[in-house]
Amino acid sequence: MSAVVRSPESWMARALVLARRGLYTTDPNPRVGCVLVKDGRRVGEGWHQRAGEPHAEVHALRDAGEAARGATAYVTLEPCSHHGRTGPCAEALVEAGVAKVVVAMRDPNPLVAGNGIARLRAAGIEVEVGLLEAQARALNPGFVSRMAAGRPFVRLKMAMSLDGRTAMRSGESQWITGPRARCQVQRLRARSSAVITGVESVIFDNSRLTLRADQLELPDAEAIAARQPLRVVVDSRLRLPEAAACLREPGRTLVATVDGHDAERRARLEAAGAEVLALPAGKDGRVDLAALLGHLAEREAVNEALLETGATLAGAMLDAGLVDEMQLFVAPTLLGGEARPLFALPGLETMAERKPLEILDIRAVGRDWRITARPA
């Protein structure tokens, strides 16, 4: 089927390329790829394409047919061992007669957590674990976080001017960055299970927080945009207007507030299309953000959450240690000292209190720049 590739790393790298094809479509399942190799040649391959459909191993086994017997399977995630919407992949590999399975990483899902590997070894199949593990983990940061830490992977997206401002003093902010940057933001939404914002951002911008197929610039844009991420509005005092655009869009809008608010106001928002979630108040009397993320992981199966918001919520999430990655789009423009800052971080008065970041990547996106960073 293909030219000979001798390196096991090359086969696993191919499996990772396949897994990435499910970047926008497998949620809430992980992205997984599988390659079957026999006598130094690829005989089958596949990837998990959509939640509820066959997993990567099943696609690869179907592709290989009888050639799977005696082959080596390179899989980016430990084959599942439990019955869900599909059968256990570990059992499928056993029945197909593969001789060896090379796994990039163990499955952090407690329902699997080594059981798939144990099933393979019990059947006499040789198993190796850890090949290109870092790359496999990087492909599924949200699934790993949800299973291991009980909360989604939070990616903060912000657009700012060269002088670090996100909006004019009036709140006007459209558009700081250009169309190429906005396309990248749409792709960040597409790979996310949920988009989180603060109520003030909705009030000022009347944001729809939706996927727009015409801005994705992907081959399957229409199909991808059909799965709208959950919209989450953090609104401690239930100030969300009933006429907000996000309440009229396809998909769900979850309004996170604190316990004890006016039942009549809540009823009006629910009648307008919102789902209202009452959570305990944090120390500042506002929504307990850690409790919100816990709810999103447990009840909503949110893997990756995209935080698109203003300085107040962004600063609170950062200060609470709940931001895992930042995507900062920088436009070659100046908004001036009266414009709104990137983060509201009150209490920082000395250099010793500053919050250092680790820069992971800087690249041009059209006329703008994108900085990928994480808290150090």
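User: How are residues numbered, and which pLDDT limits apply?
Analyst: Residues are numbered from 1 along each chain as its sequence is written, and side-chain values use heavy atoms, with hydrogens and water left out. The model is predicted, and totals for chains, interfaces and linings use all residues, whereas side-chain atom pairs count only at pLDDT 80 or more and local features need pLDDT of at least 70.

User: What is the strand order in the open sheet of five strands, and what is its pairing?
Analyst: Strands (E, at least two residues) and helices (H or I, at least four residues) are DSSP runs numbered from the N terminus. Two strands pair if DSSP finds at least two bridges between them. The pairing in this open sheet is mixed, and the order is β2-β1-β3-β4-β5.

User: Why is one side of β2 and of β5 left without a neighbour in the sheet?
Analyst: The open sheet has the order β2-β1-β3-β4-β5. β2 and β5 (126-129) stand at its edges, so one side of each lacks a neighbour because each has a single partner strand.

User: What is the average twist from one strand to the next?
Analyst: The sheet in question has five strands in the order β2-β1-β3-β4-β5. Axes are lines fitted to C-alpha atoms, for helices over the stretch in contact, and angles run from 0 to 180 degrees between N-to-C directions. From one strand to the next, the twist averages 15°.

User: What angle does the direction of α1 make with that of β1, and what angle does α2 make with β2?
Analyst: α1 packs on the sheet and touches β1, β2, β3 and β4, its direction making about 145° with that of β1. α2 also packs on the sheet, touching β1, β2 and β3. The direction of α2 makes an angle with that of β2 of about 140°.

User: Why is helix α2 largely enclosed, and which elements do its buried residues pack against?
Analyst: Helix α2 (residues 56-64) is largely enclosed by the rest of the structure because seven of its nine residues are buried. Buried means under 20% relative accessible area, exposed over 50%, and partly exposed in between, with a 1.4 Å probe and protein chains only. The buried residues are Ala56, Glu57, Val58, His59, Ala60, Leu61 and Ala64. With contact taken as heavy atoms within 4.5 Å, they pack against β1 (33-38), β2 (41-47), β3 (72-75) and α3 (89-96).

User: Which residues of β9 are buried on each side?
Analyst: Five of the five residues of strand β9 (residues 230-234) are buried, so the strand is largely enclosed by the rest of the structure. In a regular strand the side chains alternate between the two faces of the sheet. Both faces of β9 are covered, with Leu230, Val232 and Val234 on one side and, on the other, Arg231 and Val233.

User: Which residue of β10 is the bridge partner of Val233?
Analyst: β9 pairs in the parallel sense with β8 (residues 194-198) over five bridges, and Gly198 stands opposite Val234. β9 also pairs in the parallel sense with β10 (residues 253-258), over four bridges. In β10, the partner of Val233 is Val255.

User: What is the volume of the largest cavity, and which helix gives the largest share of its lining?
Analyst: On a 1 Å grid over the protein atoms alone, a cavity is a set of points where a 1.4 Å probe fits but cannot get out, a pocket is an open set with protein on both sides within 12 Å along at least five of seven lines, and lining residues have an atom within 4 Å of a point. Grid points are joined across faces, edges and corners, and a volume is the space filled by probe spheres set on the points. The largest cavity has a volume of about 70 Å³. The largest share of its lining, three residues, comes from α6 (residues 141-149).

User: Which strand gives the most to the lining of the second largest pocket?
Analyst: This pocket holds about 760 Å³ of space and is lined by 27 residues, with Ala138, Arg155, Arg191, Glu325 and Gln327 nearest its centre. With five residues, the element that gives the most to the lining is β16.

User: Which residues does Ala181 touch?
Analyst: Ala181 lies in helix α7 and is buried, with a relative accessible area of 0%. Not counting residues up to four places away in sequence, Ala181 touches Phe329, Val365 and Asp368.
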